[in-house]
Amino acid sequence: MDYIIEMCNITKKFPGVIANDDVTLRLKKGEIHALLGENGAGKSTLMSILFGMYQPDQGVIKKNGEVVKINDPNDANRLGIGMVHQHFKLVQNFTVLENIILGVETTKHGMLKMDEARARVLELSERYGLRVDPDALIEDITVSMQQRVEILKMLYRSNEILIFDEPTAVLTPQEIEELMKIMKGLVSEGKSILFITHKLNEIKAVADRCTVLRKGKCIGTVDVASVSKEELSEMMVGRKVDLIVEKENKEPGKVIFEVENLTVKDRATGKNVVNNVSLNVRAGEIVCIAGVDGNGQSELVYALTGLITPDDGKIRLNGNDITKASIRQRNIGGIGHIPEDRQRYGLVLDYNLAYNLVLQSYFTPRFQKHGFLKYSEIYKYADELIDKFDIRSGQGARTITRSMSGGNQQKAIIAREIDRDPDLLIAVQPTRGLDVGAIEYIYKKLIAERNKGRGILLVSLELDEVMNVSDRILVIYEGEIVAELDPKTTTVQELGLYMAGSKRGIVA
Amino acid sequence: MNISIKRFLSSEGVANFASSLMAIIIGLLVGLLILLVSNPRQALNGFGAILFGGFTDMKNLGQVFYFATPIILTGLSVGFANKAGQFNIGASGQFIVGAFAAVYVGVKWTFLPGALHWGVALIMAMLAGALWGLIPGILKAFYNVNVVISCIMMNYIGMYLVNVLVTNTVFDSLKNQSQRVASTAVIPKMGLDNIFRAGNSPSSVNAGIFIAIIAGIIIYIIVEKTQFGFELKACGLNPDASKYAGINSHRTIIISMMIAGALSGLGGALLYLAGSGKSIEVLDVLAPEGFNGIPVALLGQGNPIGIIFAGIFVAYLTVGGFNMQLFNFVPQVTEIIIAVIIYFSAFALLFKDFIRSHYAKDEDKLTKTRPVSQGSLGGDK
């Protein structure tokens, strides 16, 4: 069988790292080819090279056996290569149809010929089972619908090679299943798909072959049918990993954190983004708020930690009303917060590691006297934490945080928040974007804190995480808690139905 | 070039210094070009004057320190606010209200004895300047009004208000300017006039330069050593993270704008209490010292100690520029040259990137390309 795209011996270097080291990837016509690797393994770089956003230092790209040069995404488009980016590139206040034809509009005397375009879009959407409403505005449709628009964009441009960059990260289990069907349909119509992911289940479900990258090197290409998930995972990480968390049973203690009828309104629309939420967290338990991204989790956490003021409701920590307390009062009062966006909220990236490690405690008598900072004490403490939490960086405590890897930045935040010994730890997507090794580490830390009798409120989008780590699951949908579930008795499918809003349980 | 020299050249401090130096040299060369165009025969003489004019005699050197005093303070003002992430373009207004407060106290409050008189005048100037910084600070902190806009408005309000106040309180109608301050309100010379003089003609230098330098050192300590400095820089570098960490960003922004205003106000006081015969003229012109603080802060790259040297350097060019008039250059040309050099100084940061990438290139290919983890595709983020 012929290869439609070959990337031969691609090497790409960046300052201090070799992102791709002699990587070869061959895509057959009509197959789904998965590209598997941890974060920083070089998947994105490789795809960026194929899409013309970077130039390789060495190696060539061939299409149908002929060497081609791809200087920019327009070249890629001309060669029939299309890409669904992880973060969609859609104009929010344009309609579906307008977004699809954007850049390749057919015109007559400078006027748009929408009718032809509409007919073609409808025909495509029929043929590939991609249901969309061509006149809906992007801002009004769901994420999975937006993804379909992205796919239609590629099809409208008659692309033959479709790149999907982590397409399932934003979808519910049911939507993922549907996407898999769509992908299979596309392949049966003769398209070829490159599927970037680090989720093994999905590879097993759809991919024909899989190329594994680790630290920029190509580990190998395998037939998916002939390998097990464990083998794939070992190829990806380079060692055996066990993400099934060992967790002893523990009877939770007294309630330490209570939220009553909390409501947050959106400033622009006046809609309740957090709608009458009540919950509690007891000592020694991990309560997980599960939900698809954008269902009010972020706002809920902002309200709990004081970043925004709730419009209604009460928050109590250890029996004290903290609804009106300042952020600093809450931090001192016993709330630790691992924020969702570690670079925006969690760290001052241009500060060095030591400064970031004392970001929540620089004002305590230990680190300042009469308003002057005690630098020797700060660096001593930083070295202790670096040691205790195994934070790796180029120049130790004096490393500028921006230059550290995502995993180590996250470790720094975790070290800072856990070491303050909070009664309640709010962890929002603590493993987002991290590789398997770091995820394992974070789970262990969270469970250790739980075993010490701290309350943990975990906000997560990852189903495996929700099922494995938590003691109790609260499902959030459109700002409301729609179900309270026990991970031991719930199935992933059931959880998915609640998350998608198609099922409601008794509200706790 | 061997590796260790390259590593040395690409280090932070050296890159800072070298980039400022590069900005200065390129500015000077462009200045020379303008001289060649405007008056080719005298161009080299004129260029010599601007380069060495400040050193020709002790009086000129004294004048350098005299001119440096106010712009060091406005430079500190701009640089300090910048640490908190605010662009204080209002130094001009803060400067002039400070100057008025000082002159008013200097003329009217003659009941104050000796050193207390000028001391109180300086304090009142700082308070007035702080008030002028406080208003944009409050508007920013509580109503998110862009500091640049409110500062520009405060500049005009300050200028016209001072014109009105001078006319109504301490007006010398013959000269259309403020009256001379009492001798007790003049900043002491501390014997500097005996060192920096040419024959019988002393320079205008006075203890103000020491006050400016001490202010620079204090600002350095606040920024680098204190808890407040820590909060200030955190707010400037990442407002969201500082909010997350419980830092009261409203308070931080307001206080930093007040301190910035106080510095500019002090600059205004030191200029008009220098005893050089300069008075506040009733003109519809914004005080240029305020705007000169911006290039001084840039050239000093925000470092308070760097700003002290940058201020002295700009003053040195100014004094050299006066000497150019000996060679038949009209004052406007002099001002263009100084402006060009200052303009290029704003490129200091650009040169810094250039120097670092250039010398680091062979070693580890520090190019402008973002590393893979920040690739625009963002697959892994």
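I count a residue as buried when its relative accessible area is under 20%, taken with a 1.4 Å probe and protein chains only. The model is predicted.

Entry 1, chain B. By that cut-off, 52% of the 381 residues of chain B are buried. I find 16 helices and four strands in chain B. I then took the contacts in chain B with a separation of 6 or more: 76% of them are between residues 24 or more positions apart.

Entry 2, strand 10 of chain A. How many of the residues of strand 10 (residues 192–197) of chain A are buried? I find six of the six, so strand 10 is largely enclosed by the rest of the structure. In a regular strand, side chains alternate between the two faces of the sheet. I checked the directions here: Ser192(A), Leu194(A) and Ile196(A) point one way, while Ile193(A), Phe195(A) and Thr197(A) point the other way, and all are buried.

Which strands of chain A are joined to strand 10 of chain A? I find strand 3 (residues 32–37), which runs parallel to strand 10 and is joined to it by five bridges. In this pairing His33(A) stands opposite Leu194(A). Strand 9 (residues 161–165) of chain A also runs parallel to strand 10, with five bridges, and Asp165(A) stands opposite Ile196(A). I followed the chain from strand 9 through helix 6 (residues 173–188) to strand 10 of chain A, and this β-α-β crossover is right-handed.

Definitions and conventions. Residues numbered from 1 in each chain as written. Chains lettered and ligands numbered in written order. Predicted model: local features only at pLDDT ≥ 70, side-chain atom pairs only at ≥ 80, totals over all residues. Heavy atoms only, no water. Buried < 20%, exposed > 50% of the residue type's maximum accessible area, 1.4 Å probe, protein only. Pairing = 2+ DSSP bridges. Right-handed = clockwise from strand over helix to strand, strands pointing away. Contact = heavy atoms within 4.5 Å.
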